[in-house]
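Please read the points below with the structure open beside you.

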Amino acid sequence: MAGFNLAGDKKLVEQGHVEGSLRLEGFIHSPEDAHDYRRLWWIPAGFVTLLLIVGVVMLWNMQMRRQVRHRTRELEAEVASRQRAEAELRASEQRFRQLAENINEVFWMTDPAKAAMLYVSPAYETIWGRTCASLHASPDEWLAAVHPDDRARVQAAAATRQTTDGYDETYRIVRPDGAIRWIHDRAFPVRDAQGTVFRVVGTAEDITERRALEERFLLAQRMESIGTLAAGIAHDFNNLLTPILMGAAVLKDQVPAEPARRLVETIERSARRGAALVRQVLSFSRPVKGARVPVPVRALVGEIEAIVRNTFPKNICFRSELPPGLPSVLGDTTQLSQVLLNLCVNARDAMPLGGNLTIQAKPTMIDEQSAAMLRPMATGSYVQLTVTDTGTGMTPEVKNRIFDPFFTTKEPGNGTGLGLASALSIVHSHRGQIQVESEPGRGSSFKVYLPALPDVVEAAEAASELLVPGRGELVLVVDDDTTILDISRHTLESFGYRALVAEDGAQAIRLYAVQRDEIAVVLTDMMMPVMDGAALIKELRRINPAVRIVATSGIQSNEAAATEAGVKHFLTKPFTAAALLSLLRRVLD
């Protein structure tokens with residue numbers, strides 16, 4: 001059958017040629033069989049067609065499989081890339097939230113029209129005291145919290161400069177609890193490829209404490225300037241008081257009549273009060289941490305009383321209750337004076353219409369139960385100082401916060417909120433405590449507990465000053481103030497000394513060079529023109545290393561310069577005649 005094309009030889013079949021062949025091969029046995037085979041000519045043709053179709057289908061299927069595999073690989077790569085992008089996006093979003101939600105500043109994001117708050121970090125709730133949800137619901141809520149005095153300025157700046165890189169504002173907000181906080185707010189526009197602003201982002205930082213520190217720094221600078229000015233004034237003022245004190249002592253000794261003597265004593269007391277006020281001005285304008293020494297409570301309260309009576313309004317009546325025999329306390333006199341003064345100033349401010357201000361002191365014992373209530377105090381012997389006023393008093397909410405740094409109920413500019421905080425810090429550093437009792441409309445009472453020194457009890461009365469006479473010794477007095485020269489010479493000559501006077505260091509050198517063998521001691525001021533005290537002392541020691549020198553000054557800090565120059569004896573102006581005569585006797589003997 002191979003090579004027989006039934007379809008191609010149809011005509012031969014019909015003519016019987018094939019039939020003969022089929023018969024010879026045994027395939028056709030009868031004419032009917034030949035007729036049946038003629039009807040099956042299409043079978044080989046269909047088979048070939050089927051084979052072709054199957055082949056085409058197989059080729060198409062193979063092609064499709066290749067395409068499917070290729071597309072599958074592409075889709076797998078695309079899915080992997082998308083998964084990586086989503087993972088990076090989630091990581092980026094997580095980093096953003098970690099940053100935005102853990103910084104102290106408020107991070108915010110809005111549309112350019114400020115119609116919607118797209119994002120605000122949780123710090124908004126801490127600083128503004130309002131919820132983030134409320135800001136999303138009402139995007140202008142932050143502006144409504146701005147202090148009325150700052151609101152118009154901030155609103156205008158937010159409307160015009162947040163989309164132009166020019167928004168950088170500092171303003172105050174009022175929290176729901178009434179507290180005022182200072183805010184530093186900045187905004188930055190975000191632009192698309194065409195330069196159009198499509199978003200505004202910004203940060204808002206609470207700078208209340210920083211601003212308070214800046215105010216403290218400025219205050220410290222002002223106090224330093226005041227201290228410099230006060231030192232100069234104190235020098236001149238003490239030079240004025242020195243002749244008064246020395247002259248009063250001489251007159252009191254020479255005037256036996258009682259009325260005149262009382263008048264001289266009044267002059268002397270007034271001069272002493274003036275000198276005490278100068279010392280207070282210097283100590284508070286230039287506070288220096290001093291050594292812990294026994295501090296007599298009576299003297300401590302006495303200094304505060306002098307300040308209160310001379311500077312507080314006259315409608316405030318001051319009273320002190322100090323029993324005899326009070327134990328002293330170990331502390332820094334300047335710091336403890338600051339504590340009492342801060343409490344008295346607060347009491348004054350609580351009595352704008354006047355009232356009673358009382359300072360009481362008494363020894364007290366703190367047992368274990370009391371120490372537990374007044375921690376960090378220990379058990380033992382204490383001095384209780386109580387400052388009481390009849391002012392406006394405090395609510396429990398205010399009383400609970402009065403020792404917080406920067407907390408104040410005063411109007412802005414009238415208080416820093418640091419007075420009571422510093423007072424508590426000082427008392428704690430002295431191992432003591434402060435207890436407060438107050439009710440609205442019934443005044444306040446501050447109890448200060450300081451550890452007592454039971455073995456150091458103040459004397460009931462100060463020992464009287466003795467005017468110790470000289471024995472004819474010659475004293476060289478050097479001072480640029482002629483009044484002090486005159487009263488010093490008169491005092492020395494009235495009490496058994498001889499005196500030489502010089503108005504500056506150069507004149508003193510000339511006198512000493514001529515009469516060095518007669519001059520027993522040199523009394524010199526430290527601040528003089530031409531040649532000051534330090535230069536004079538150096539030159540005198542060059543001439544005579546054994547020269548006796550007493551240095552004086554109206555500024556206590558000059559004692560260090562005198563000590564550095566080798567002087568062992570120092571008198572702070574204003575000094576009394578008794579102090580001068582007593583020191584001269586010790587130096588000469």
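1. Two strands pair if DSSP finds at least two bridges between them. Strands (E, at least two residues) and helices (H or I, at least four) are DSSP runs, numbered from the N terminus. Four bridges join strand E15 (residues 519-525) to E16, and the two run parallel. Within this pair, Thr-524 stands opposite Ala-551 of E16.

2. The model is predicted: local features need pLDDT of at least 70, side-chain atom pairs count only at pLDDT 80 or more, and totals for chains, interfaces and linings use all residues. Residues are numbered from 1 along each chain as its sequence is written, and side-chain values use heavy atoms, with hydrogens and water left out.

3. The open sheet has five strands in the order E14-E13-E15-E16-E17, with parallel pairing. Strand E14 (498-502) and strand E17 (569-572) are the edges, each pairing on one side only.

4. Ser-557 sits in the loop between strand E16 (549-553) and helix H19 (558-564). Ser-557 counts as exposed because its relative accessibility is 52%, the cut-off being over 50% of relative accessible area (1.4 Å probe, protein chains only).

5. Helices H11 (residues 297-311) and H12 (residues 333-349) have axes, lines fitted to C-alpha atoms over the stretch in contact, that come within 10 Å and cross at roughly 45°.

How values were computed. Axes are lines fitted to C-alpha atoms, for helices over the stretch in contact, and angles run from 0 to 180 degrees between N-to-C directions. Buried means under 20% relative accessible area, exposed over 50%, partly exposed in between (1.4 Å probe, protein chains only).
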